[in-house]
Amino acid sequence: MKLLKVEKWWLIVGILTFIGYNIPGLPAYGDVKGAIIWNIGFFAIFWITNYAFNAKICKIYKPRKTTEEFLAENAAADRATAELIAAEEAAEKAAKGRN
Amino acid sequence: MLSFSEFWITVACYIVFILGIGAYVNYRNSKKVGAGGLFASKLNWPQAIMTYIASLMSVWLFFAGPGGYYKGGFVYWMSEMTWLPMYMILAHFVTNKVWALSRKRAYVTPTDFYCDRFQGKGVALLRVLVGLVFLISAFPYVTSVIAAIAQGAVRVSDGSINYGMVCLIIGIAMVVFTTLGGFKSVALTDTIQGIVYMIVIWLIAFVALWIGFKGSLSDCVKAIVDNEGTAFFSYPGPRGWVPYGYRFGYPFALLIGYSVMLPHIFVRACYSGRDLNTQRKLALHTPWIRVFVWTGCFIVGIVCFGMLPNIATEDAEYIIPFLIEGNIFPNNPIFAHVLMIAFFCGACGVGLSTADSYLLSAASIVMDDFIVNIFGIKMTQKRRTLVGRIVILLVGLIGVLMALDPPDLIADMIMFSIGMTMPLFPIMVIGMYWKKATTTAAWISVVTGMLGIWWTYMVWGQGGTYYGAVAMLISTVTMVVVSLLTYKKESNEKFFTDMQAGINEIYVIDPAAK
């Protein structure tokens, strides 16, 4: 699976943000102001970047099918399963009959 | 605080409620063609989101969560809030792609995906190992939930209720409910309970804040600073719980283990969406819903810290009953009773919604991975359902028996389960994206990953800080090195062709994108 440029950027930004948030020593132990700024700042970066990249990706990767088409496929799969179960039951009955 | 009769009436009402849903779903499924099996079903987006969220809530919501924020403070809460939108990365790059293929392959257990990707010699061993890891991770989870509910019962009744009796009754109700209705009934109760208990946790938060500080969060903060200093708002937290290592290890475990790899979560995130819209809404909405839920817990934690700052660590998981009993009851006894009942029902509800999901996953692993695939016992669908129900019964009873001898800290048990599943993540991702990843490397990586878990917990003694992070690194390195050493042109082309076809079937990629 090849990744698009925007996908690579999403991964890079996500990983770097996570690493950045976890730099040891920052903010210092006991530093209240530092802890509040650090956490609120990274909170904003995490949330803004990920929602922005996700929105961009959803625009690039458009759904090929509508919900109705997916549901129709699911229903077909369900019917096939039901037929399989019915066939298995019939075969079991036939086998019992032979015995 | 609750009398013997109040307590048992509450339990009886709750059990009737969940068994009623189980029976209803069972009845509906019997009337409907192809309504989904005992272990799998396709869900619409509200159900998919709520069953995912409710499965995560578990005993965190009413026990470990508020207790954790009480012990860890503001920085502990923020360490959870920051990374939550990264779930969207996992959804796009991992879970939605697994989902695309699962539509073609009808996977049931998480192991199915691994054994579809990794074929040939060693695949049976891989199935056993991955299945065992997922299965073993289930027991601490189920056990901790039942134990937490029973310990909660003892607290809310001032010790007048027998712990073992609650374990047995709640455990049996859970097993019967799961056996009766299967995946659909679990998803339905998760949806209803999830919404109700989000409201309950916020109700408790508001009432506690009102009674303690006349509804003013700033007064609560001021009281904490005046009485206990500023440690609650800085690293490493008021009780030294959140050093830098923990700030990394804990959110990382939650991102990988808790959000994707726990088997009941894996099934929900990767297999259960009925369409692409459901999968996307799951990724889009669960982060902010999680913020909403855990912020309610945080408010409870901070208010409790403001009012009762000296609760012992082992009692911190029971701060809600402490709060109701010590602070709300003297002001308004009737309302305190109502809240205590809501708390206990909530604890049962969110706990069981996780435990039954886990139970279902564990039983499906025993059934599909071991009985059908490893031992090769062929069964009709009808018989599979019957045997599956018996397996749920057995797995559940083991969980109940384990809960009779409870752990000291519920959070520790849950986090161990989460850590255990983490080394399996790189095996899956490398397998998905790298054709040279081999089956031999996959099973060796499972083994080295589990050795890494053992080393982190037992030798290094840092399991409570790094969880499965080091083991995950070990399994990643093993996976790459052993793959390079053992790679031969394997017949895995079909997997990649099908995966690409699955992706092409659900997406139209903008031709202008590079």
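Start by selecting β1(A) together with strand β1 of chain B, residues 507–509: in this predicted model, the two strands pair in the antiparallel sense over three bridges. Now pick out Pro63(A) and look across to the other strand, where Tyr507(B) is its bridge partner.

Next, widen the view to the contact between the chains. Here 48 residues of chain A are in contact with 41 residues of chain B. To see which elements of chain A take part, colour α1 (5–21), α2 (32–60), β1 (61–63) and α3 (67–98); each of them supplies at least two residues of the side that touches chain B.

The domain assignment gives domain 1 as 1–62 and domain 2 as 63–99. Draw a line between their C-alpha centres, and you will find them 45 Å apart.

For the last stop, move to chain B and select helix α19, residues 469–486. How far apart are the end C-alpha atoms of this helix? They are 25 Å apart, which agrees with the 26 Å that 18 residues should span at 1.5 Å a residue. Show side chains along α19(B) and look for its buried residues, among them Ala469(B), Met472(B), Ile474(B), Met479(B) and Ser483(B).

Terms used
Residues are numbered from 1 along each chain as its sequence is written. Chains are lettered from A and ligands numbered from 1 in the order in which they are written. This is a predicted model: local features need pLDDT of at least 70, side-chain atom pairs count only at pLDDT 80 or more; totals for chains, interfaces and linings use all residues. Domain bounds come from an automatic or database domain assignment. Two residues are in contact if their C-beta atoms, placed from the backbone, lie within 7 Å. Helices (H or I, at least four residues) and strands (E, at least two) are DSSP runs, numbered from the N terminus. Two strands pair if DSSP finds at least two bridges between them. The expected span of a helix is 1.5 Å times one less than its number of residues. A residue is buried if 20 or more other C-beta atoms lie within 10 Å of its own, exposed if 12 or fewer, and partly exposed in between; C-beta atoms are placed from the backbone.
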